[in-house]
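Please keep the sequence and the model at hand while reading.

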Amino acid sequence: MNSSEEIAVSGMSAGRSAMRMGPAELVQAAAMARRFYLEGKSKIQIAEEFGVSRFKVARVLETALERDLVRIEIRVPAELDAERSDALRARYGLRHAVVVESPAEVSEESPDPENLGEVAADLLGELVTEGDVLGLAWGRSTIHMAAALDRLPPCTVVQLTGVYDAGTAERGSVEAVRRAAQVSGGDAHPIYAPMLLPDAATAEALRHQTGIARAFEYFDKVTVACVSIGSWEPGISTVYDMLSDEERAHYSSLGVAAETSAHLFDAEGRRVGRDLGERCITVKADQLRRIPEVVAIAGGQRKAAAIDAVLRSGLVTSLVTDTAAADYLMTAGAPPKSALSRTDPDGI
């Protein structure tokens, strides 16, 4: 994967700091370092080859580093911020956190950086194994991710939510599911239905339609899921955009700060407006919490507070974001509980 750390080790000729080592020592140290760092041999194997103890090998390797005979460089692609990634992972107790450099020209109005999808596609290529069930929720970020996929082991792909607009299914989440299944060579289970219905009765009737019911049967089998996050604002929350002005005002009064997969959360990660789920075609929150790996893709200053809220909800285990959001997240309130504890803030 392009976002993984690469370790480069280079043997160097005797420098000023290594002059106290004799030529035989230098040659032997360089040879041992080459075996250990470049060829991947163990200290025991090296000891047997050179006829010395493994403790002698350990001392030689340590001396080679101290005297600049060997230099180790940690290199990641320029677009990735390894330091922020590790700090963010530790703060939220995430399994994986990948932070991508924000575009040079970035403002509060900027949407998710498009390269988040590309990095997320690479991450899924690492996380998904043969026989997994991959779940994809509706979202612009997940659609971009699916379009960037170029490798996946054989797996089943299921859609976790209805679509924002059934008329755009071919360009949205249905196509994302088809694309992922095509890359993996596995079965696809799309959902040909809107995410939000006028009432609970209509939503319940749709859930029993053959194709939709078949997709729902896979929800408890999903092993890796990919979701987007939206702030409770026009243009960056699918649910917000689908509701009437009166409905928006009602849910805003409940303190909604974020949404993911049609589930609403306040700033502390507690679910609010649970009645909305009765009208939605979507995976349940407790089903998401039981999925071993849930990767959220979201970035930008406008989404930063929403990302924090969802990370506190216990639904997400990994995150792909950008530096603009990461800088906010590193100082956002009191440190939360570890995401891997999957704790529901409501205890429900």
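Are Trp232 and Tyr240 buried or exposed? Trp232 is buried, as is Tyr240, where buried stands for under 20% relative accessible area, exposed for over 50%, and partly exposed for what lies in between, with a 1.4 Å probe and protein chains only. The model is a predicted one, in which local features need pLDDT of at least 70 and side-chain atom pairs count only at pLDDT 80 or more, while totals for chains, interfaces and linings use all residues. Residues are numbered from 1 along each chain as its sequence is written, and side-chain values use heavy atoms, with hydrogens and water left out.

**Aromatic rings and charges over them**

- The structure holds three aromatic pairs, a pair being rings of Phe, Tyr or Trp (for Trp the six-membered ring) with centres within 6.5 Å, called stacked when the planes are under 30 degrees apart, edge-to-face when over 60, and tilted for the rest.
- One of them joins Phe216 and Phe219, whose ring centres are 4.6 Å apart and whose planes meet at 35°, so this pair is tilted; both Phe216 and Phe219 are buried.
- Trp232 and Tyr240 form an edge-to-face pair, with 5.1 Å from centre to centre and 85° between the planes.
- The charged end of Lys221 sits over the ring of Tyr218 at 4.9 Å from its centre, and Arg91 lies over the face of Tyr92 at 5.5 Å from the ring centre; the criterion is NZ of Lys or CZ of Arg within 6 Å of the ring centre and within 35 degrees of the ring normal.

- An open sheet of four strands has the order 8-9-10-11 with antiparallel pairing; strands pair if DSSP finds at least two bridges between them, and the numbering from the N terminus follows DSSP runs, with helices (H or I) of at least four residues and strands (E) of at least two.
- Strand 8 (230–231) and strand 11 (271–272) are the edge strands, each with a single partner strand, so one side of each has no neighbour in the sheet.
- Strand 10 (residues 263–265) pairs with strand 11 in the antiparallel sense over two bridges, and Phe265 stands opposite Arg271 in strand 11.
- Helix 13 (residues 304–311) packs on this sheet, touching strand 8, strand 9 (258–260) and strand 10, and its direction makes about 60° with that of strand 9; contact means heavy atoms within 4.5 Å, and the angle, on a scale from 0 to 180 degrees between N-to-C directions, uses axes fitted to C-alpha atoms, for helices over the stretch in contact.

**Buried positions in helices**

- In helix 6 (residues 140–148), the residues Ser141, Thr142, Ile143, Met145 and Ala146 are buried, and what covers the buried residues of this helix includes helix 5 (115–127), strand 4 (133–136), helix 7 (173–184), strand 7 (224–228) and strand 12 (293–297).
- Ile212, which lies in helix 9 (residues 210–217), is buried with a relative accessible area of 4%.
- Leaving aside residues up to four places away in sequence, Ile212 touches Ile191, Tyr192, Ala193, Leu206, Arg207 and Ile281; Ile212 and Ala193 are 19 residues apart in sequence and 8.0 Å apart from C-alpha to C-alpha.

- Asp68, although not a glycine, has a positive phi of about 70°; Asp68 is found in the loop between helix 3 (54–66) and strand 2 (70–75) and is partly exposed, at 27% relative accessible area.
- Arg342, also a residue other than glycine, has a positive phi near 55°; Arg342 belongs to the segment after helix 14 (323–329) and is buried, at 14% relative accessible area.

**Salt bridges**

- A search of the whole structure finds 17 salt bridges, each a side-chain nitrogen of Lys or Arg within 4 Å of a carboxyl oxygen of Asp or Glu.
- Asp220 and Arg290 meet in a salt bridge at 3.2 Å, N to O, which links the loop between helix 9 and strand 7, where Asp220 lies, with helix 12 (residues 285–290), where Arg290 lies, the two being 70 residues apart; Asp220 and Arg290 are both exposed.
- Arg302 forms a salt bridge with Glu233, with the closest N and O atoms 3.3 Å apart; Arg302 counts as partly exposed at 22% relative accessibility, and Glu233 likewise at 29%.
- Arg289 and Asp344 meet at 3.8 Å, N to O, and as Arg289 lies in helix 12 and Asp344 in the segment after helix 14, the pair ties together parts that are 55 residues apart in sequence.
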